[in-house]
Amino acid sequence: MSPEPTADHRRAERARRLVAQSAALGARPVRRLAAAAGSPTGPTGASTGAPRGARTGRRPGRRTGPRPGPRGPERAAARLVARSTGATQAGLPTTPPSPYWRPGERTLRLLTVATVAAVAALATGHPWLLALAAGPAVLLALAATGNDRPSRLDAENTVTPRRCLEGEPITVRITVRHDGRIGRLDPTAALGPGVALTAVTVGATEVDLVVRAERWGRWTLGSVDIDVYDAGGLTRRTVRTELGTVDVFPEPSAARLTPIPVRLPERLGEHTTGHEGTGVEVVGVRPYVPGERQRRIHWPSTTRRDAVQINQFAAERAADAVVLMDTLADFRDAATGRSSLDETLRAATGLTRAYLRRHDRVGLIAVGGKLRWLTAGSGERQSYRMVESVLEVRQDRGHRGLLAPRFPAAALPRHALVYAFTPLADQRILDVLGRVRDLGNPLVVVEIPTGEPAVEPGDEIDAVALRLWHAEREAMRSALRARGVPVARYTPGEALDLALAPLLRRRIGGGSR
């Protein structure tokens, strides 16, 4: 006699029958019932030794839960950055936004549903379709009844900092001011050249932007249009805020060497001269003269010569240097993408800081477009004044001035060492350098490479043009060396000291006025 089946066995048998029926009909069996059919302990599947996938009814190794991907706030921020990038490429807006409230996307969607349902009811003659139109209409009426739109709406911004170096971030905070209830904010930024948007954060009444300064110059940050929705999200109004300008300073090249000319002004400094003075470097000994300090006695020489000998110190003087920048043209290297104008200012800034650290006076002359010059001065402030005076050279390079301008007397001090940073690509710069040489100032030319033009393989005409290009540049170097002007070739990315080191072998001489 067979034993009476227990409740667990009856439940398992019932589950097996359901699975078999589902398989016969071609339907997918229920996972819980399948697990119960495969487990003698019931639907919980808690039998020992069974794999976890069989107990839970899931396939072994299958990932559960939501698929990996950016979260909601991250997707929204990426969407705002992408939309702002498109607005930046389209250009800065010229027309002001509408000052009136207009329907939002939610209102347009609800109206579309109501209109389609009403037209379908009239076309088909089914009155029940009007219920689909009544739902959106009721939602619009309820949202409009409790809506308290502000009457005053504007925005103010704070940009930090207004001055920065290349590659540094700039933080922009925009605050929306209102006198009513508002909903979400939807910003779109149209930035100017030289800066790029990296992050956007939207709050209840504030929008934070993070902008990266890509190139030196005085740039317009652009404008930001913020769509402000009402509390119900039915209507929106756009407010615009102008972000103003920022000054992006170049990243200076590494430079420590400071070559000096033969003649130095009679001003105390840190450069050792060949004359006797009150410096700290001992250049020899001499007999004692009554009245001199006894602590300057050189006792080893006094003992050997049986006469009092005094240490002889060299005089220390300060130098005057003038940085002459060639901004006649801006060439871009076809291989690396480097700009000759960018590298010119970076190298000039590094040399300026090296001289200012030694308490020398440095001036500036920018040739190209409008003539810009700055009187020689000292101190950390002079470095920023020099950079600020040439931040707009990209805007005025189209202005045509004199080929060889007449420099003011204050721009070129007497016996000041002139460093000319130039790519040696324009013949007009030779006329400018010749005028400087005629004034008697010692001159050093620092060549900024522009990169060779791209030549297609097998093109004989391009090959001949490239040889002529090399010959022309070598002819310009030879013309300068023939007049006694040293030419130092600077390699972007390397320290400027590598190019200036040969100038330390002897002092740089000039002509006579």
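Predicted model: local features only at pLDDT ≥ 70, side-chain atom pairs only at ≥ 80, totals over all residues.
Residues are numbered from 1 along each chain as its sequence is written, and side-chain values use heavy atoms, with hydrogens and water left out.

View 1. Helices (H or I, at least four residues) and strands (E, at least two) are DSSP runs, numbered from the N terminus. Of the 513 residues, 40% count as buried, meaning under 20% relative accessible area with a 1.4 Å probe, protein chains only. Take the contacts (heavy atoms within 4.5 Å) with a separation of 6 or more: 71% of them join residues 24 or more positions apart.

**View 2. The largest cavity, with about 70 Å³ of space.** A cavity is a set of points, on a 1 Å grid over the protein atoms alone, where a 1.4 Å probe fits but cannot get out; lining residues have an atom within 4 Å of a point. Grid points are joined across faces, edges and corners, and the volume is the space filled by probe spheres set on them. Searching the whole structure turns up 2 cavities of 30 Å³ or more. Strand S15 (320–326), helix H8 (340–357) and helix H9 (380–389) each bring at least two residues to this lining, with H8 giving the largest share, 4 residues. Look for Val323, Leu345, Thr352 and Met386, among others. The lining has 8 nonpolar residues, 3 polar and no charged (Ala, Val, Leu, Ile, Met, Phe, Trp, Tyr, Cys and Pro count as nonpolar, Asp, Glu, Lys and Arg as charged, and the others, Gly among them, as polar).

**View 3. The second largest cavity, about 30 Å³ in volume.** Here the lining is made up of Leu165, Phe249, Pro250, Thr349, Arg353, Tyr384 and Val387. H8 and H9 are the elements that give two or more residues to it. By class, you'll find 5 nonpolar, 1 polar and 1 charged. Thr349 and Val387 also turn up in the lining of the largest cavity.

View 4. Val432 counts as buried because its relative accessibility is 1%. Now find Asp326: it sits 106 residues away from Val432 along the chain, yet their C-alpha atoms are separated by 9.5 Å.

Key: 1 Å grid on protein atoms, 1.4 Å probe; cavity = no way out; pocket = protein on both sides within 12 Å on 5 of 7 lines; lining within 4 Å. Buried < 20%, exposed > 50% of the residue type's maximum accessible area, 1.4 Å probe, protein only.
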